[in-house]
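I'll talk through a sheet and then a pocket.

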Amino acid sequence: MAECGHYDHWKLDLALVKEIGCSLLRYGPQIHTTLRAPGVHDWAFADEGFAEIRRLGIVPVVDLAISACRTSSATSRTRTSRSFFADYAQAFAARFPWVQLYTPVNEMFITAVFSAKYGWWNEERRDDRSYVTAIKNIVRANVLAMRAILKIRPDAIFIQSESTEHFHPECPLALPHAEHRNAERFLTLDLNYGRRVCSAMYEFLADNGMTREEYHFFMRGKELRRSCIMGNDWYVTNEHLIGGDGHSRWAGEVFGYDTVTRDYHARYGLPVMHTETNMDEGPRGDEAERWLWKQWSGIMRLRQDGVPVLGFTWYSLTDQVDWNHALREQRGDVNPRGLYDLDRNIRTVGRAYKRLIETWKPVPQAESHCLRLPVTA
């Protein structure tokens, strides 16, 4: 957010959210400056920002750990440190009791994969034991945070923002690898929702350090489902082609968002929110706009088929920096995928998003599947 100029232009950015017509905003305090030490918080920036959000009539979906889990999923992390995050979540809920919607930990699956399978973030590990350790620590932190927030606000609603994935076998030798990865993609949400994993995944977890006690902790969390909306993220990189040697590469869109989301909805039976997507504005100038309408068309098809999709998110408000290499290096590359550029000039996709909101907003409000606040859990 510093590189994108938000700390200098936060009031303007919030005004742009209102100007474009968004009624909900995924937003959170910067944890690295807010959580100074266990139990020690600096709320100065959050107090100003959330007061302005409330004044503008924008409903926040509060992300508490976008950067926290991307710097703190370490395999050595203890139960005590996980409770520090739960304490932080509870302190936020107590300070801002009017907030109802939360995403405690953003993209648990991606954080674990990038940190302990691909070796890109945090621990920079590439072994299954580190991967399972990252999964259980990240999901446990999320579960403890949800429980802590519910103590303050019993009607809080949690919108998971989780990557939606599918793995395609390239050849017959790739079939077992694809089967494993297509089961593995559900692990973070299975544990978060207290859903029993399949026998192959149970063996995978146990073989790589998850104890029975730890597994049973997650299975006791079924009651949290009643407070959850399954948020899922979708990019052109979310489908993968698996080779006979088990290695994967991005496949581009094969099935698409609506097809893969049906798998997730059938598994969990929860209301759905499309919580992230984007596309760079390319040389033609309409690439991102075309992607926007493709995603929206998939959402409308899901709703027609009876899947309760409650919301749609373009990520993000402004262009981003260094996302083309997964934030692994600080090069200063500007990625033209925002609704506005870094000078706060609206992009083609921003104008299309504004039109989409203006023209389509009355439709879901007139139908049964619509998020109206406050919500009774």
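**The sheet, then the pocket**

So, start with Phe-167, which sits opposite His-240 in S9. Before I go on: this is a predicted model, where local features need pLDDT of at least 70, side-chain atom pairs count only at pLDDT 80 or more, and totals for chains, interfaces and linings use all residues. Residues are numbered from 1 along each chain as its sequence is written, and side-chain values use heavy atoms, with hydrogens and water left out.

S7 and S9 (residues 239-242) run parallel, joined by 4 bridges. Strands here are DSSP runs of E, at least two residues, helices are H or I, at least four, and numbering goes from the N terminus. Pairing takes at least two DSSP bridges.

The open sheet has 3 strands, ordered S7-S9-S10, with mixed pairing. S7 (166-169) and S10 are at the edges with a single partner strand each, so one side of each has no neighbour in the sheet. On average, neighbouring strands are turned by 35° against each other, direction ignored. Helix H7 (residues 175-184) packs on the sheet and touches S7, S9 and S10, its direction making about 175° with that of S7. Contact is heavy atoms within 4.5 Å; axes are lines fitted to C-alpha atoms, for helices over the stretch in contact, with angles from 0 to 180 degrees between N-to-C directions.

Now, how much space lies in the second largest pocket? About 740 Å³. That pocket is an open set of 1 Å grid points where a 1.4 Å probe fits, with protein on both sides within 12 Å along at least five of seven lines; volume is the space filled by probe spheres set on the points.

Key. On a 1 Å grid over the protein atoms alone, a cavity is a set of points where a 1.4 Å probe fits but cannot get out, and a pocket is an open set with protein on both sides within 12 Å along at least five of seven lines; lining residues have an atom within 4 Å of a point.
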